[in-house]
Amino acid sequence: MYSDDDDGDTPEYCKGETAAGPGSKDIFVQLVISLALGVTAFIAFCILRPRWKSLYAARRRHNDPQIALPTLPDSFFGWIPALYRVTEEQVLASAGLDAFVFLSFFKMSLRLFATMFFFAVVVLWPIHNTFDAGTTTPPGDTPGNDSSYMNLMRSHDLHFPTSIDNILLASDPEDKSWTYLWSYLAFTWFFSFLTIYFMNSETIKVIKIRQDYLGTQSTITDRTFRLTGIPRDLRSEEKIKEFVENLEIGHVRSVTLCRNWAEIDALVAQRHVVLRKLEEAWSVYLAGQPAVGLPSNHRHQDTADDAAQEDTNNDEESQENGRLLAGDSLRDLMRERDRPKIRLRFGFLRWRNRKIDALDYYEEKLRRLDEKIRAARRKEYPPTDSAFVTMDSIAACQMAVQATIDPRPGQLLTKPAPAPSDVIWKNTYAPRYKRQLQSWAITIFITFLSILWFFPVAALAQLLSICSIRKIAPTLADSLNQHEITKAFVQTGLPTLVVSLLNVLVPYLYDYLSNIQGMVSQGDVELSAISKNFFFIFFNIFVVYAVSGSAALADFWAIIGNSLRDTRTIASKVAGSIQDLNNFYLNFIMLQGLGLFPFKLLQFGGISLYAIYRMGAKTPRDFAELVQPSLFNYGFYLPTALLVFILCLVYSILPGAHIVLLLGLCYFSLGYFVYKYQLLYSMDQPQHATGGAWPIICGRIIVGLIAFQAIMIAILVLQTAFEAASLIVPLVVLTFWYHFYSRRRFTPLTKFIALRSIKRASDPGSESRPDQDPSQVQRQTRLTRRLSTVDEDREKGMRFVNPSLVIPLEQPWVYQDPPPLINESPFDSNTGSIVGNSDSQVVIPTNHHGPGSVSSSFSLGDTHVWRDNGDENV
């Protein structure tokens with residue numbers, strides 16, 4: 001890739017340039033672009049926020065008014081300090097554990113990188129300036145003009161390739177000008193231990209708050225466990241209840257044995273489609289009424305008025321007859337209007353067709369489906385090998401999930417149950433082999449897909465290089481090179497923009513694949529999406545670029561092949577590529593933080609989609625769904641933050657570390673405020689993972705630490721500091737040891753509730769913040785726990801039951817007000833509560849307070865009880 005080109009036609013600006021490597025001057029262009037985008041979006045948000053409260057304060061309007069969240073002022077910047085003053089206790093009370101864990105990662109990153117930034121400015125920056133630390137060329141091979149490496153963000157025009165022969169033949173490796181490399185060794189150890197210390201401290205804090213939070217609330221989820229691998233002789237509710245109670249761990253409140261409900265689930269899904277079509281047909285029919293009936297009505301009124309003026313002596317009977325005749329004429333006009341038609345195909349190969357009345361057709365089809373559903377609800381379905389068992393206490397449930405029930409492998413396994421609103425019911429009765437086959441097939445497909453993604457990335461990145469453009473359009477490349485602004489934009493703005501757009505679009509595909517992987521809860525789907533998206537961006541945006549130094553596909557595979565023959569090749573290449581890509585990753589962090597975070601705050605994508613959906617909305621149900629809060633998907637946002645964390649860690653010692661860490665501080669500061677606002681005020685998060693993302697965060701931080709240490713070893717080897725490089729190897733071993741040690745120590749406490757944490761006599765949470773005044777902590781604790789938690793509010797009255805069995809068969813929503821819900825009891829009262837999955841929030845009929853309530857995000861009066869975003873999670 002760095003070989004000299006003897007062709008005289010090759011211009012100077014194409015010698016030694018990499019495909020994804022902007023120069024140092026281009027950073028200022030990227031800064032201007034990012035600030036222009038960010039400031040514009042932020043000003044637009046500040047202007048629109050008080051005007052569009054249904055969008056930017058949707059969650060605040062829909063939640064329980066008892067939750068102690070402050071009302072943000074409508075002033076231009078006044079909402080910022082009010083948002084800053086929202087405490088962690090208020091975040092827990094209003095948004096739950098998942099939001100608390102997510103924001104805790106940003107706060108931990110801020111503290112860590114602020115400490116690193118201090119040492120980078122005070123210690124590392126003077127060292128780099130004093131020893132000309134910008135070059136990767138070993139002693140004895142330094143180019144003539146050493147001062148060219150004083151620039152911490154050096155240009156690629158000044159890069160000189162380093163070969164393995166140069167390293168091995170390097171003279172005077174003990175040159176005193178290279179003694180600064182020992183500082184690399186010291187700070188690699190120091191920053192690694194600093195990262196582990198902050199992560200360990202935050203983990204202990206998260207576990208403490210999680211145990212206090214879950215140990216003092218009382219929800220049906222905390223008292224329920226999922227029993228799988230049930231033998232055939234135990235597949236009945238009575239036998240399961242008797243079996244569990246014989247374990248003498250507590251009393252069983254209820255048992256929901258999962259059955260093969262595929263038939264009734266399909267009928268309910270079909271009914272939903274027909275109901276939508278009927279509502280659309282009614283909307284088309286009613287839309288033409290004013291245009292036809294209103295002028296005629298006016299004409300009848302004018303005629304009646306003229307008649308009244310001409311003959312004032314008409315008696316009351318004649319006036320009554322006139323009004324009746326006018327009404328009859330209007331009804332005749334309404335009857336004469338064309339009703340919407342549909343074309344029904346039938347006969348051999350469906351060649352014959354006939355137009356029929358759409359309203360009558362869909363109403364009759366809906367009526368027949370209702371009869372089938374009522375009959376299906378009375379059927380007895382074959383049981384499966386899984387069940388939800390609800391105990392009388394949280395302690396009894398925790399003893400069940402933390403114990404081994406049966407000595408036979410794969411039999412009677414216990415797992416914590418997801419929330420009732422989080423269950424994907426169609427996967428509860430799917431055979432275990434089918435779900436495992438789906439899981440492995442999707443995993444293998446995603447692995448290959450992540451590798452195949454490199455081809456379009458490489459093609460796009462090659463086209464965004466001026467030298468690559470020159471191969472296709474030489475005149476255009478020469479013209480771009482003559483103008484500094486356009487050259488900087490092509491080499492800086494476009495590559496980072498392409499990578500950022502790819503980072504935005506790909507998670508939607510991986511989220512879809514996670515949904516069809518066969519998981520039982522939407523919380524598991526969310527955690528799986530986090531892992532998949534992180535693997536994609538870490539492999540395609542970091543590993544491939546770090547190995548090849550660019551997006552050149554041929555270079556990547558050539559380097560991998562050479563590394564199999566000589567392992568020193570990969571060390572040399574990684575060391576050079578990491579420093580070559582310094583500016584590229586700087587621009588990436590800059591665009592993500594300064595440029596795109598304000599757009600996330602503005603919800604630019606939601607606004608754009610709202611305009612599209614608004615044009616396609618026809619029925620009152622469509623318009624009601626438009627005003628629902630957007631859903632906050634952790635799998636879309638957390639992987640990018642983890643990648644930025646790793647990039648800041650990798651570049652925390654190299655030349656220009658202070659700039660990278662400063663941009664990292666800006667990224668996590670803006671991200672903390674943006675996500676805090678969205679989680680508390682503008683977006684809903686229906687998943688219930690009880691902070692399950694924290695082990696994933698810690699695992700990815702360990703991956704970043706290993707990458708950081710391996711890259712520092714490669715850089716020291718490249719500069720012939722073999723002794724210093726060898727002393728980092730024990731640090732890698734210690735990091736692996738800490739990873740396994742922390743998993744064994746902390747993971748059980750992030751999955752289960754400790755028995756000692758349940759129903760403490762003291763005020764819960766009083767020891768969670770030892771840095772605060774005890775009286776203040778006690779007062780805040782009482783304030784928080786006097787109210788119910790967000791999980792208790794969400795699960796109030798819910799039961800573990802398939803919603804297809806008990807969901808009210810709602811009527812078409814034709815007019816502005818929704819029709820009343822008809823509570824039908826299909827069978828005994830054991831299924832009196834209604835639940836749903838993440839794509840459908842379902843209410844309990846007995847607790848429904850009106851047909852059209854828009855005051856609760858958990859009660860779908862305006863969206864109706866069954867709100868399905870797809871056929872994935874029926």
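**Confidence**

- The average pLDDT, the predictor's confidence in each residue on a scale from 0 to 100, is 75 for the protein, and 69% of the residues score at least 70.
- Residues 135-176 stay under 50 in pLDDT, and the model gives this stretch 89 contacts (heavy atoms within 4.5 Å) beyond four places in sequence.
- Residues 291-331 also have a pLDDT below 50, and that stretch has nine contacts in the model beyond near neighbours in sequence.
- Where pLDDT is low, the predicted coordinates should not be read in detail.

**Overall make-up**

- The protein holds 34 helices and eight strands; helices (H or I, at least four residues) and strands (E, at least two) are DSSP runs, numbered from the N terminus.
- Among contacts with a separation of 6 or more, 83% are between residues 24 or more positions apart.

**Strands and their partners**

- Strand β2 (residues 252-259) is largely enclosed by the rest of the structure, because seven of its eight residues are buried.
- β2 runs antiparallel to strand β5 (residues 383-391), and six bridges join the two; strands pair if DSSP finds at least two bridges between them.
- Within this pairing, Val252 sits opposite Met391 in β5.
- Strand β3 (residues 341-346) pairs with strand β4 (residues 352-357), again in the antiparallel sense, over six bridges.
- Arg343 faces Lys355 of β4.
- The hairpin of β3 and β4 has five residues between the strands, and Gly347 there takes a positive phi near 85°.

**Helices and buried side chains**

- Helix α28 (residues 657-682) has 26 residues and should span 38 Å at 1.5 Å a residue; its end C-alpha atoms lie 36 Å apart, which agrees. The expected span is 1.5 Å times one less than the number of residues.
- α28 is mostly covered, with 20 of its 26 residues buried.
- Ile715, in helix α29 (residues 693-718), is buried, with a relative accessible area of 0%.
- Ile715 is 61 residues from Leu654 in sequence, and their C-alpha atoms are 9.5 Å apart in space.
- Ser192 belongs to helix α8 (residues 181-216) and is buried at 0% relative accessible area.
- Leaving aside neighbours within four places in sequence, Ser192 is in contact with Phe187, Leu705, Phe708, Gln709 and Leu731.

- The side chains of Arg276 and Asp622 are joined by a polar contact of 2.8 Å. A polar contact is a pair of N or O atoms within 3.5 Å; within protein, one must be able to donate a hydrogen and the other to accept it, and residues adjacent in sequence count only if both atoms are side-chain atoms.
- Not counting residues up to four places away in sequence, Arg276 touches Arg621, Asp622 and Glu625.

- Leu412 is not a glycine, yet has a positive phi of about 50°.
- The loop between α14 (394-401) and β6 (413-416) holds Leu412, which counts as buried at 3% relative accessibility.
- Gln603, also not a glycine, has a positive phi of about 55°.
- Gln603 is in the loop between α24 (582-602) and α25 (604-616), and its 7% relative accessibility makes it count as buried.

Notes
Residues numbered from 1 in each chain as written. Predicted model: local features only at pLDDT ≥ 70, side-chain atom pairs only at ≥ 80, totals over all residues. Heavy atoms only, no water. Buried < 20%, exposed > 50% of the residue type's maximum accessible area, 1.4 Å probe, protein only.
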